[in-house]
Amino acid sequence: MTTATVSSYRSILRDFLRHLEIRGVNDVQSLGKEDVRDYIRLLREERRLSLATVENHLSCISSFLDYLVYEDQIESNFALAVRKRYLR
């Protein structure tokens, strides 16, 4: 991964975690697909980001969720279902 990619992922995760905090999600075990879906809606409808940019955000979040699954913090990576349903 390039330095720019790492920096971009860090920025995306900070933004996503800030969004979760605003929604009252304070620990990863209470994170759900509706939180990811709401974040995607924010990016598309309020911030009016391009589909490619939203895909980039979702890819980053999906990698984060994969890590949480690996660490037994959550049961599954629900970002995949969100991508299928809301970005195609």
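Visitor: What is the handedness of the crossing of H1 and H2?

Guide: This is a predicted model, and in it the crossing of H1 and H2 is right-handed.

Visitor: Why are H1 and H2 called roughly perpendicular?

Guide: Their axes come within 10 Å and cross at roughly 110°. The label covers angles of 65 to 115 degrees, so H1 and H2 count as roughly perpendicular to each other.

Visitor: Which residues make that contact?

Guide: H1 brings Ile12, Asp15, Phe16, His19 and Leu20, while H2 brings Asp35, Val36, Asp38, Tyr39, Leu42 and Leu43. Sorted by type, they come out as 7 nonpolar, 1 polar and 3 charged.

Visitor: What makes His19 count as buried?

Guide: His19, which is found in helix H1 (residues 3-22), has a relative accessible area of 11%. The cut-off for buried is under 20%, so His19 qualifies.

Visitor: And which residues is His19 in contact with, leaving aside its neighbours within four places in sequence?

Guide: Those are Asp35, Asp38, Tyr39 and Leu42. You'll find these four listed on the H2 side of the contact with H1, too.

Visitor: On to the next pair. Why is H2 called roughly antiparallel to H3?

Guide: Check the angle again: the axes of helix H2 (residues 33-46) and helix H3 (residues 51-70) come within 10 Å and cross at roughly 155°. Anything over 145 degrees goes down as roughly antiparallel, so that's the label for H2 and H3. As for handedness, H2 passes H3 in a right-handed crossing.

Visitor: Which residues make the contact of H2 and H3?

Guide: From H2 you have Val36, Tyr39, Ile40, Leu43 and Arg44; from H3, Leu51, Val54, His57, Leu58, Ile61 and Leu65. By type, that's 9 nonpolar, 1 polar and 1 charged.

Visitor: Which residues of H3 are buried?

Guide: Val54, Glu55, His57, Leu58, Cys60, Ile61, Ser62, Phe64, Leu65 and Leu68. Several names turn up in the contact with H2 as well, among them Val54, His57 and Leu58.

Visitor: How do you know that the span of H3 agrees with its number of residues?

Guide: Take 1.5 Å a residue: the 20 residues of H3 should then span 28 Å. The expected figure uses one less than the number of residues. In the model the end C-alpha atoms of H3 are 28 Å apart, so the two values agree.

Note on methods:
Residues are numbered from 1 along each chain as its sequence is written. This is a predicted model: local features need pLDDT of at least 70, side-chain atom pairs count only at pLDDT 80 or more; totals for chains, interfaces and linings use all residues. Side-chain values use heavy atoms; hydrogens and water are left out. Axes are lines fitted to C-alpha atoms, for helices over the stretch in contact, and angles run from 0 to 180 degrees between N-to-C directions. Helices (H or I, at least four residues) and strands (E, at least two) are DSSP runs, numbered from the N terminus. Angles under 35 degrees count as roughly parallel, over 145 as roughly antiparallel, 65 to 115 as roughly perpendicular and the rest as oblique. A crossing is left-handed if the near helix is turned anticlockwise from the far one by less than a right angle, and right-handed if clockwise. Contact means heavy atoms within 4.5 Å. Ala, Val, Leu, Ile, Met, Phe, Trp, Tyr, Cys and Pro count as nonpolar, Asp, Glu, Lys and Arg as charged, and the others, Gly among them, as polar. Buried means under 20% relative accessible area, exposed over 50%, partly exposed in between (1.4 Å probe, protein chains only).
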